[in-house]
Amino acid sequence: YSLVIAKKLVDNGFVVQDWENIKGSLVILILLFFTRSIINYSSGIFSMDLSLRVNQKFQESLFFHLLHLPVSYYFKEPTGQIMSRLLEDGTRFSDVFSTLFGRALLSPLRLLALLVFLVYTDPGMTLLMLFSVFLSIIVITWAGKKIRKYSKAIQTKNASIYSFIEQVFPNI
């Protein structure tokens, strides 16, 4: 929307030197800027609050679940692995949850408005853009599988470090 107003500002304002049009376009651009800033700030606050609450609930739930597991579980699983799961998985889960449900609440509306605008301005370019998005999804899915593999390896190494630290400090 800002581009359309900026185009109007240049074409109908600066080129023709219509000062009323320039003033009106600038006021609209400033209002759009402040509106977008307020929405971004509000969604950021909402997202952070949601992330922290989800992390807290997840860790509490997991902690109480761990308390009710049979003792045999603790002989099989290293303490570092349990600590890693409790502390790191909660943070990762809340980050994903926050991304999906925090800021993503506004994304469908924004996407729909931009798609309508793109179809209106240039249908051919819209098709090209949609095709590139499809290709990007394929690449991101492939990369995600690779990242997941490395992430599991890193989590296993972190668990070993936690286990080592958990064994060293009590024995000092």
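Predicted model: local features only at pLDDT ≥ 70, side-chain atom pairs only at ≥ 80, totals over all residues.

Modeller: Residues are numbered from 1 along each chain as its sequence is written, and side-chain values use heavy atoms, with hydrogens and water left out. The protein chain has six helices and zero strands (DSSP runs, numbered from the N terminus: helices are H or I with at least four residues, strands E with at least two). Of its 172 residues, 17% are buried (under 20% relative accessible area; exposed is over 50%, partly exposed in between, with a 1.4 Å probe and protein chains only).

The structure holds two aromatic pairs. Rings of Phe, Tyr and Trp (its six-membered ring) pair if their centres lie within 6.5 Å; planes under 30 degrees apart count as stacked, over 60 as edge-to-face and the rest as tilted. Phenylalanine 63 and phenylalanine 64 make an edge-to-face pair, with 5.8 Å centre to centre and 70° between the planes. Phenylalanine 63 counts as partly exposed because its relative accessibility is 39%, and phenylalanine 64 is partly exposed at 48%. Tyrosine 73 and tyrosine 74 are also paired edge-to-face, at 5.4 Å centre to centre with 85° between the planes. Tyrosine 73 has a relative accessible area of 25%, so it is partly exposed; tyrosine 74, at 35%, is partly exposed.
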